[in-house]
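Here's a quick briefing to read alongside the model. Grab a viewer and follow along.

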Amino acid sequence: MAERFLAVTSPIALVTRGLSRHWVLVAVLGASLATPVRAQTTVVRRVDIERAGWNRVSEILDGAVGWGRASVDGFSYSASPDHLPAAGESAPSMPEWIVVIDGQRVPTNLFGLHVLELLPISVGQIDSVVFIRGPVLYMGTPAARGVMSIFSRRFHPGFNGESTYQHGDESGDPGPYRYTNLSSPNVEKVGPFAHGDIGWRGPSWDVDAGVHIASINITDTLISSRFPPTTFAGVRQDVLSITPTFRAGVDALGGRHELMASRGEQRGLFFIPPQRGEQSLRTTNTYVGIDGSLNAGSATIVTYEGSTSSLDASELASPLAFTVGHTRHHLGGKSSATHSFGLASLTLGGLADRWMLDVPATEGSPSSSGGGPFARALLPLGRMVSLDANTALIFDGAHSGALDASLEASFRLDSLTSLAIRGSRVHAHPNIDGSWIDAYLLGYALPRRAPTLNAVSTAFVRRFAPYVAATIELRGENIADWSGLNVPASRSLPSPPDFQPHRAIILSEHARIETIGEHVWQGSIEYDHAGTFDRDAPFASELASQPTDDLRAQASVMPVRDFRMSGIVNLSGGSRWEAFGTANESPAVVPPIRRVDASMEKWMWQRRLRLELLYRNLLNEPDRTHPFGAQWNLRWHVSASLLF
Amino acid sequence: MAGEVAIAAAARRRKRSEDNKLGQRSTSSPLAGFVHDARAVNLRTSWLISVAAVALVGPVTEPVLAQTATSPPAFSRLTIRAGALWQTTDSRLADLYKPSTGYSGEVSMPFDVGEFALAVERATFTGQEPSPHPDFHGTVGMLKWRMPLPSVGPFTLALGAHTGAMQFSFQDTVIAPGLRKEMELLFGVNAAGSVRLPANFSAFVMGEYTHVHLHVPVHLAPLSAGIGYTLTTPGWLKDFLR
């Protein structure tokens, strides 16, 4: 089995068998998730996306159990994979998690929020999403916090496409009581969310063009009440994003080569966590990236990746002050060569990133660059053990080189049981991930030392033949030199850096029980708990912005062919946000979430058409993730998907 | 742990505060006697409807298999019904509005388990004296699922649950046009009795209990009666639905 595992996951073996590159990635990951398992991963599959009724990429974050998610408007999200303080409680230059689509890294961070609706992929094109907690070296790239890795699905040969439209509405309108003293504010619709793409897949090439659109009203009183009425009347009453995308791929030179491009635009109020307030923004994200692999012969393959992107924030007319106008350009590249030695393999490569910032009415364009070599070795030790060692020497701007490394050992204890142990140490690299830009724009001086994250984790997987698997993971992380944010950042009133960088130890447990394979009944239950130790008092209050417990359980049944009913339970602990306290409530409190969702899906027209009726928050309990954010009542969605 | 307790306590305080606000509004109102805790009503009704649905669905999930040999195959026939509609509302709404006689229409089809129906109902709600509020048209669109009980001669009884939305169209020319329509989620249970008539016709009586999830919930109990006509589902429609 160990030989088979290594044989399957050997990139050389796969490429020489003529498989396309992103299927190589899927296969590598899939095989590694089977047995042995990778530590600290959560996988969201297509079936999870469908039964949860997610039609925006940011909604998929709901499936990342333990990644403390927060959003003011339900549109742009921040998330903390490792229980470190949320955006706004952490300083603007602190590292963020990264997003990778089919091996291409796509910048998404804007002031600690991730503009996932502007990604060059729609939900309809996604096969699976893998959430990996950091610190980790992901295909050579250091990711201090974690990785959201998205894999696209492949459509059938010939003309193909997909189209989905979803409409939603929130309950709680005043109805006929609007004329009485029982009147309440009107509650707006949710959506529409729509996406579609058409393409052609030939024997060795394919091309695809699509667009995804999403809109959400922001008239919830928890948002509008923070503005003077006349001011709020002058701002756009919804957030709208439109993102056209294009993809092309060709199989050549013993590998696959892919081009991905998009230009997304998001309009509306944008909450800037370090400022603890909104500005009215038109955000544009333009991305063009290529990646591929080729067979260099002699059991060697070469992979490459390169991308250019620009994220522009300009003013959308409104009475609000506008201070964060800028364009951040990113140019990044990576290349590596992998040589196999039997079942073992050695990868050597290098990466480089460059960021340039244009700020209106400011002379000069600040820029940064960084990069360095990386190496990876996959080594089987006998039949039961395999080692995966990664290291990267990163030169971050003018700083001297910092060594990031991870080592993962996988043990196959028997045919149904496996164990993985991972140790990793990764530094934050603000010049490589561009996080210095947020600090620069918000007048926050960069801390003298960037944070360092060290983690040890172990994952134990036991399969209870033949349908159920259980995973238990334990994790300890040591964080040093983390900076909080005591006062809101403002360019007109520069805030000092946090002169007391924090350190802490975070211990977490993660457990998952899930069914395997296709059955009438399917489901999973996943739980995450974290505790913090050895931290100073200010850091303890900032860490309280993350819920300590998170549970997600889902079950679905197909009582008859082409008809599925699902129920999903989300339980999450409450959180306290010291920095977002108000005169009425300090610290601000976000109540625990107890949400029950249910959906019904019916496929028709030989599974070309799928209709879904979805209810969220059936118990109508408080459902919000941010102290300044909207609270979502019981709501319903209807969606129709056409697959051809 | 202490933090969790504090957070939970704060959440309880917040909920009590919200409840109190609603209570304060209600005590100052002439409708005080009718006002209940909206959240509690929502929860209770959701649970009741869920329990009813589970009770109905539970015995049949095992296979469809349990269907009797006389059950028509899925999508094999189409029944179109139209009738008159009378409804009563909860007493809180009844003090403000009186529903007039309306009409209802439904298209139903057998499924692997029970039958599904798409239904529309519409009635005008008239503001009541002494200070009538603007009238509104209440239009309800529903997806229904029913489980027919064994037929007794020409008589059939089916029980089920439904969900959908109710649109309130206010006949109010003063407010902004964008505020003259509201749509709200509803859940409910229903029962339908029918008797076969010659030439594929049937007569039906249908009763429902519906909870509309407004901020102050509304409960409707419509009763409709009329004529139905059953035909074989066209082949193209059958293929489409499979």
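This is a predicted model: local features need pLDDT of at least 70, side-chain atom pairs count only at pLDDT 80 or more; totals for chains, interfaces and linings use all residues.

Residues are numbered from 1 along each chain as its sequence is written, chains are lettered from A and ligands numbered from 1 in the order in which they are written, and side-chain values use heavy atoms, with hydrogens and water left out.

**Chain B**
- Chain B has four helices and nine strands (DSSP runs, H or I of at least four residues for helices, E of at least two for strands, numbered from the N terminus).
- Along the sequence, the order is α-α-β-α-β-β-β-β-β-β-β-β-α.
- Of chain B's 242 residues, 43% are buried (under 20% relative accessible area, 1.4 Å probe, protein chains only).

**Salt bridges**
- There are 46 salt bridges over all chains, each a side-chain nitrogen of Lys or Arg within 4 Å of a carboxyl oxygen of Asp or Glu.
- Glu50(A) pairs with Arg46(A), with the closest N and O atoms 3.6 Å apart, and both residues are buried.
- Those two sit four residues apart in helix H4 (residues 46-52) of chain A, so about one helical turn separates them.
- Arg256(A) and Glu258(A) form a salt bridge at 2.9 Å, N to O; Arg256(A) and Glu258(A) are both buried.
- Lys334(A) and Glu305(A) form another, at 3.7 Å, N to O.
- Lys334(A) is in strand E19 (residues 326-341) and Glu305(A) in strand E18 (residues 300-315) of chain A, so the pair ties together parts 29 residues apart in sequence.

Key. Buried means under 20% relative accessible area, exposed over 50%, partly exposed in between (1.4 Å probe, protein chains only).
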